[in-house]
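Open the model in your viewer and get ready to select residues by number. Each stop tells you what to pick and what you will find there.

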Amino acid sequence: MKLATYKDGSRDGQLVVVSSDLTTAHHASAIASRLQQVLDDWSFLSPQLQDLARTLDEGRARHAFPFDPRMCMAPLPRACRAVEVQLGDESGGDEAQAWQPLPGDGLLGACDEVTLAGPAATLAVAPRWIVLSGELPVGASPEQALGSVRLVGAGLQWQQQDEACPRPWLSLAPVLMTPDALQAGERGEGRSRLALSLTPSLAPEGLPPAGALVQPSPPIGPLLARLARARGVRAGTLLALGPAAQPLGEVERVVLTPLALRGQMPLGTLDVGLRRLRRD
C-alpha cells in the first residue's frame with residue numbers, strides 16, 4: 001500500500017491512496033482524511049485502505065484520478081516527533097551514530113521549493129531513509145520495534161550552517177509505503193533493499209552529473225528500540241536515517257530518486273528547486 005497527502009489549503013492536507021505503479025490515486029476521505037488518523041488507529045483503518053489500494057491496482061476504483069506528485073505535501077506534513085540518525089558506516093553500531101531531534105512541524109513535499117535564508121555556500125544536503133512508527137512501550141525489543149514499522153519512505157535533509165536557520169529540516173518523497181509493498185527480493189531483516197540516487201543539477205536545463213549511490217538502510221529494529229529505550233515511541237514518530245550532509249554549492253535544483261533492485265521507482269522522485277531570500 002502506498003499513501004500520499006494532497007494539498008487542499010489546510011495544514012494536514014487530504015490523504016490519498018496511490019496505485020503501486022504511481023499512475024493513479026483515490027481520495028481516502030471515506031476512510032480517513034489525514035495520515036495521522038491512520039497511524040493512531042492502524043489496526044482498524046489500514047485494512048480498509050489496503051482494500052482500496054487493491055481495488056485501485058485492479059482498475060476497479062470508480063473515482064480514481066491521475067496521480068500528480070506536484071500536488072503532494074509531505075505524506076505526513078506534521079510529525080509528533082522526528083529524530084535523525086546519522087550513520088557513519090554500514091554496521092549501524094552505536095559508535096557510528098549521531099542522533100539529533102528534527103523539527104517535525106513543517107515537513108516539505110517532494111516538489112516544494114526550498115528557501116535559503118543564508119548564502120548558498122552554507123547549504124548542505126543528504127539523502128534520508130524515512131521510517132514511521134506505531135506505538136512502542138518503554139524498553140521495547142528490536143523485534144517489537146521492527147513489528148511497529150508502519151510506513152517507509154525517502155527524503156532529503158537540508159542543513160544551513162547559518163544563524164538564521166541553525167537546525168536541519170526535511171523534504172519527503174511523494175509517497176510512503178507499507179513494508180509489504182516491497183518485493184520479496186527487496187526487503188530483509190529490517191532493511192529496505194533500495195538505493196537512493198542523489199543528483200545535484202547546476203541548472204534546470206543542464207545535464208546533471210551522475211547520481212551518488214547510497215547503500216541500503218541499516219536494520220531498523222535496533223534503532224527504533226533504542227529510541228524507545230527511555231520514553232517509548234508514539235504513533236507517528238518519524239525516524240530519518242542516512243549519512244552526514246555534504247556541502248551543495250551553487251546549484252538550482254536537487255533530485256533524489258529511490259530505486260528498487262529492478263530499476264523501479266517505488267516512492268516517486270523528489271525534485272526540489274532552491275530559492276534564495278533577497279536581503280536588501
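Start by selecting Leu 45. Its relative accessibility is 9%, so Leu 45 counts as buried. Keep in mind that this is a predicted model.

**Stop 1: around Leu 45**

Leu 45 belongs to helix H2. Ile 31 and Leu 45 are 14 residues apart along the chain, and their C-alpha atoms are separated by 6.9 Å. What does Leu 45 touch, not counting residues up to four places away in sequence? The contacts are Ile 31, Ala 32, Gln 37 and Val 38.

**Stop 2: the whole of helix H2**

Select residues 42-57, which make up helix H2. How far apart are the end C-alpha atoms of H2? They are 21 Å apart. At 1.5 Å a residue, the 16 residues should span 22 Å, so the two values agree.

Next, colour the buried residues of H2. They are Trp 42, Leu 45, Ser 46, Leu 49, Leu 52, Ala 53, Thr 55 and Leu 56. What covers them? The cover includes E1, E2, E3, helix H1 (35-40) and strand E9 (149-160). Just after H2, pick Gly 59, which takes a positive phi of about 75 degrees.

**Stop 3: Leu 15 in strand E2**

Move to Leu 15, in strand E2. Is Leu 15 buried or exposed? Leu 15 counts as buried because its relative accessibility is 0%, and the cut-off for buried is under 20%. Show what is in contact with Leu 15, leaving aside neighbours within four places in sequence. The list includes Leu 3, Ala 4 and Thr 5. It also includes His 27, Ala 28 and Ser 29. Leu 49 is in contact with Leu 15 too, and Leu 49 is one of the buried residues of H2. Then select Gln 36. Leu 15 and Gln 36 are 21 residues apart along the chain, with C-alpha atoms separated by 9.5 Å.

**Stop 4: Leu 22 in a loop**

Go on to the loop between strand E2 (14-18) and strand E3 (24-27), where Leu 22 lies. Most residues other than glycine have a negative phi. Leu 22 is not a glycine, yet its phi is positive, about 65 degrees. With a relative accessibility of 16%, Leu 22 counts as buried.

**Stop 5: the aromatic rings**

How many aromatic pairs does the structure hold? It holds two. Tyr 6 and Phe 65 are both buried. Ring pairs link Tyr 6, Phe 65 and Phe 67 into a cluster.

**Stop 6: Phe 67 and the cores**

Stay on Phe 67. Beyond residues up to four places away in sequence, Phe 67 touches Tyr 6, Leu 22 and Cys 72, among others. The largest nonpolar core has 49 residues. Which residues have the most contacts inside that core? They are Phe 67, Trp 158, Leu 224, Leu 239 and Leu 241. Another core, of 32 residues, lies apart from it, and includes Ala 28, Leu 35, Ala 61 and Leu 172.

**Stop 7: helix H4**

Select helix H4 (residues 220-227). Six of its eight residues are buried, so H4 is mostly covered. The buried ones are Ile 220, Gly 221, Leu 223, Leu 224, Ala 225 and Leu 227. They pack against E9, strand E5 (81-87), strand E6 (97-102), strand E8 (123-133), helix H3 (142-147) and strand E14 (237-242).

**Stop 8**

How many disulfides does a search of the whole structure find? It finds zero. Cys 72 is in no disulfide, and the nearest cysteine sulfur is that of Cys 111, 7.6 Å away. That distance is too far for a bond. Cys 72 counts as buried, at 1% relative accessibility, whereas Cys 111 is partly exposed, at 30%.

**Last stop: zoom out**

Show the protein chain as a cartoon. It has four helices and 17 strands. Of its 280 residues, 54% count as buried. Among contacts between residues at least 6 apart in sequence, 71% join residues at least 24 apart.

Definitions and conventions. Residues numbered from 1 in each chain as written. Predicted model: local features only at pLDDT ≥ 70, side-chain atom pairs only at ≥ 80, totals over all residues. Heavy atoms only, no water. Helix = DSSP H or I, 4+ residues; strand = E, 2+ residues; numbered from the N terminus. Buried < 20%, exposed > 50% of the residue type's maximum accessible area, 1.4 Å probe, protein only. Disulfide = S-S within 2.5 Å. Phe/Tyr/Trp six-rings, centres within 6.5 Å; stacked < 30°, edge-to-face > 60°. Core = buried A, V, L, I, M, F, W, Y, C linked by side-chain atoms within 4.5 Å. Contact = heavy atoms within 4.5 Å. Expected span 1.5 Å × (residues − 1).
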